[in-house]
Amino acid sequence: MKRAFPILAILTAALLSYGLYGALIKAPTEQTMGDVQRIFYYHVPSAWTAFCLFFVNLAASVVYLVRRHPKADALAVAAAEVGVIFCTIVLVTGPIWARPVWGIWWTWDLRLTLTLVLWLMYVSDLILRRFSSSGQTPVLAAVLAVLGALDVPLVYFSIWFFRTQHPQPVMGAGGSIDPRMLHVFFINLAAFSCFGALVCWSRFHLEVLRRDVEEAQALESLLETGSSR
Amino acid sequence: MSSSAGITRATLAKDLRLEWRSKDAINSMLFFALLVVVIFSFSFDPTAEESRRIAGGLVWVAFLFAAVVALNQTWARELRNQVLDAYRVSPAPANSLFLAKALGNFIFVSVLEALMTPLFIVFYNLRALGPAYQLWIVAVLGTWALVINGTFFAAMSLRTRSREIMLPLLLFPISIPALLAMVEATSSILTGEFSAKFWIVLLVAYDVVFTMASLFLFELVLHAE
């Protein structure tokens, strides 16, 4: 496992730089939207990575509630934090694209609202972790993650009732998309998935180390008070 | 006293008696909601036509903010003299305690709504153009949606620093679909332009899902240590 980390890091760096080259230079300019469309190569992969990480967080939370394994909680923390970062990227790059193309920064469309609500829920999860005093935090945060997951379909249906303005996914629908664009897009999708996994991994490792250090310090101070007596 | 319904009833009766004697929650909620109504009324000053469209949002935001005031006191009053610890070690099922608290909050918030709605009608010149009986359904379902989650998250935020701030931070994001449904249902009934059926069904689904989930997960939260 330890050796896989540098390999993944190198792979991520290679894919990201090739993806950047592809997105900025190699991919042809889109006919109607122009260069602003290129943000799409970062926007969609970030969204994909964020949603994957949120799913990892949910799975880790459920495992924690059932098994009470501390590593599951560490993974939940890592996935939630990194997921919020990627979700923030999505929420920032979206309006940058929407302003020239739709003429508005923001609209209460299905996908936009769902992403925003997810972001809000995971931020509240992180705030809960920050404000809660140690021992019981993992249980509370895991419970909140489960409730948040239950909320997602309800949010979906409540906003589905409004008209959807977001461009429908173009993959597989028709042959109108340039294969070079598709190529660059999938490179970036792979790059962002690897990048997300890499950051989540190192954050997970950090969290496990932090807990080990805390435990060791607690043990040490306990031994000190024992020996001084 | 051994049945869980008996424990629920006893806890609920105790909470209602406490509230009847102190009137802490209801007074602070009422005054808070009154302030919200007055301030909204100042800042918008709408015509009758406009107010019908925005009243749904105003009413429910006012009730939501006011409900948070009561919800924060739900569990905090059990901290005095370690009552909550006594609950934890007692063999009483956690769910009956939770149901009692949720029902108590439901009664408090309903009383608040019953007292504040006439004020809203007066200040905003409201008259429903749609089927007014549906407002009752929306009120009951919406209030339950607020208090079931609110009671649950109040128990969660009990273990955190600065818990008064924590409750809305946890409650609001999760309640977004319920809030949207209440506001949209109320607006469509008041304007009479759309049917509120979809939103009422959504509220029912929300209530069922979160009542089940809260009852299922509350024991974990109560015993989280």
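Among contacts in chain A between residues at least 6 apart in sequence, 79% join residues at least 24 apart; two residues are in contact if their C-beta atoms, placed from the backbone, lie within 7 Å. This is a predicted model, in which local features need pLDDT of at least 70, side-chain atom pairs count only at pLDDT 80 or more, and totals for chains, interfaces and linings use all residues. Residues are numbered from 1 along each chain as its sequence is written, while chains are lettered from A and ligands numbered from 1 in the order in which they are written.

Confidence comes next. The complex has an ipTM of 0.81 and a pTM of 0.83 from the predictor. Chain B averages a pLDDT of 85, and 98% of its residues score at least 70. pLDDT is the predictor's confidence in each residue, from 0 to 100.

Chain A holds six helices and zero strands. Helices (H or I, at least four residues) and strands (E, at least two) are DSSP runs, numbered from the N terminus. The C-alpha trace of chain A spans about 80 × 45 × 25 Å along its principal axes. Of its 229 residues, 33% count as buried, with 20 or more other C-beta atoms within 10 Å of their own, C-beta atoms being placed from the backbone.

Helix 2 of chain A covers residues 40-67. Its span is close to the expected value, which is 1.5 Å times one less than its number of residues. Just after helix 2, Arg68(A) takes a positive phi of about 60°.

| Helix 2 of chain A | Value |
|---|---|
| Length | 28 residues |
| First to last C-alpha | 40 Å |
| Expected at 1.5 Å a residue | 40 Å |

Now the interface. In chain A, 26 residues are in contact with 25 residues of chain B. Helix 4 (110-131) and helix 5 (137-160) of chain A each supply at least two residues of the side that touches chain B. Helix 5 gives the most, with 13 residues. The residues of this side divide into 18 nonpolar, seven polar and one charged. Ala, Val, Leu, Ile, Met, Phe, Trp, Tyr, Cys and Pro count as nonpolar, Asp, Glu, Lys and Arg as charged, and the others, Gly among them, as polar.

Helix 5 of chain A meets helix 8 (residues 197-222) of chain B, their axes coming within 11 Å and crossing at roughly 170°. These two helices are therefore roughly antiparallel to each other, a term for angles over 145 degrees.

Note on methods:
Axes fitted to C-alpha atoms, helices over the stretch in contact; angles between N-to-C directions. Parallel < 35°, antiparallel > 145°, perpendicular 65-115°, else oblique. Buried ≥ 20, exposed ≤ 12 C-beta atoms within 10 Å, placed from the backbone.
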